[in-house]
Amino acid sequence: MEKCRRLEEYAIFVDRVRGRLAESLPLAEAIMAAIDDCIQDSILKDILIQQKAEVVQMILETFDKDKYEKAIKSEAYEDGYTEGRKEGYDLRLLEQVQKKLARGKSAEEIAQDLEETPETIAGLISRLQEK
């Protein structure tokens with residue numbers, strides 16, 4: 001997109017339509033609001049002014065609401081899954097650090113045992129001491 005301004009502007013336009021849909025606007029209203037915003041911000045201004053009706057019609061004909069909602073749910077699931085895995089890993093790491101500290105190991109030894117950076121282990125030890 002850095003090399004093609006038009007493509008970047010198109011991506012901005014699509015993002016604005018999605019943003020309006022997220023505000024629970026009906027599709028036609030979301031498209032019109034996004035078009036008005038883009039024209040005001042000089043994004044695809046020439047095309048949107050000259051061919052506004054065609055743009056609206058094209059999007060209305062090709063937009064599949066069920067597919068869109070499924071994609072949004074899928075993205076949200078993936079984000080939640082990834083975040084959950086990270087939180088689970090962090091919690092497990094914290095538990096391991098706590099057990100190794102209880103056995104009298106130093107931060108450096110723990111870092112080496114767990115193959116983590118000393119900074120990461122120091123941060124976890126600080127969290128444990130705050131509790």
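**Entry 1: E9**

I began with E9 and found it in helix 1, residues 5-22. For helices I used DSSP runs of H or I with at least four residues, and for strands runs of E with at least two, numbered from the N terminus. The model is a predicted one, so I noted its limits: local features need pLDDT of at least 70, side-chain atom pairs count only at pLDDT 80 or more, and totals for chains, interfaces and linings use all residues. Residues are numbered from 1 along each chain as its sequence is written, and side-chain values use heavy atoms, with hydrogens and water left out.

Is E9 buried or exposed? E9 counts as buried because its relative accessibility is 9%. The cut-offs I applied are under 20% relative accessible area for buried, over 50% for exposed, and partly exposed in between, with a 1.4 Å probe and protein chains only.

Next I listed what E9 touches, taking contact as heavy atoms within 4.5 Å. With neighbours within four places in sequence left aside, E9 is in contact with S42, I43 and L44. I also found that the side chain of E9 reaches the backbone nitrogen of L44 at 3.1 Å. A polar contact is a pair of N or O atoms within 3.5 Å; within protein, one must be able to donate a hydrogen and the other to accept it, and residues adjacent in sequence count only if both atoms are side-chain atoms.

I then looked up L44 itself. L44 sits in the loop between helix 2 and helix 3. With 8% relative accessibility, L44 counts as buried. The phi of L44 is positive, about 55°, although L44 is not a glycine.

E115 lies in the loop between helix 6 and helix 7 (118-130). E115 counts as exposed, at 73% relative accessibility.

**Entry 2: Salt bridges**

How many salt bridges does a search of the whole structure find? The search finds 12. I counted a salt bridge where a side-chain nitrogen of Lys or Arg is within 4 Å of a carboxyl oxygen of Asp or Glu.

I went back to E9 first. The side chains of E9 and R6 meet in a salt bridge, at 3.7 Å from N to O. The two residues are 3 apart in helix 1, which means that about one helical turn separates them. R6 is partly exposed, with a relative accessible area of 38%, whereas E9 is buried. I also found E9 and R6 in a network of salt bridges that links R5, R6, E8, E9 and D46.

I looked up R20 next. R20 and D37 meet through their side chains in a salt bridge of 2.6 Å, N to O. This pair links distant parts of the chain, with R20 in helix 1 and D37 in helix 2 (residues 27-40), 17 residues apart. R20 is partly exposed at a relative accessible area of 21%, and D37 is partly exposed at 22% relative accessibility.

My last pair was D113 and K100. D113 forms a salt bridge with K100, and their closest N and O atoms are 3.7 Å apart. D113 lies in helix 6 (residues 107-114) and K100 in helix 5, so the pair ties together parts 13 residues apart in sequence. D113 is partly exposed, with a relative accessible area of 37%, while K100 counts as buried at 16% relative accessibility. Not counting residues up to four places away in sequence, K100 touches K105, I110, D113 and L114.

**Entry 3: The largest pocket**

I ended with the empty space. Rolling a probe the size of a water molecule over the atoms shows where such space is left. I took a pocket as an open set of points on a 1 Å grid over the protein atoms alone, where a 1.4 Å probe fits, with protein on both sides within 12 Å along at least five of seven lines; lining residues have an atom within 4 Å of a point.

About 550 Å³ of space lies in the largest pocket. Grid points are joined across faces, edges and corners, and the volume is the space filled by probe spheres set on the points.

Which residues lie nearest the centre of the largest pocket? They are Y10, V14, I59, T62 and F63, from a lining of 22 residues. Helix 1, helix 3 (45-50), helix 4 (52-62) and helix 5 (65-102) each supply at least two residues of that lining. Helix 1 gives the most, with 6 residues.

I sorted the lining into 15 nonpolar, 2 polar and 5 charged residues. Ala, Val, Leu, Ile, Met, Phe, Trp, Tyr, Cys and Pro count as nonpolar, Asp, Glu, Lys and Arg as charged, and the others, Gly among them, as polar.
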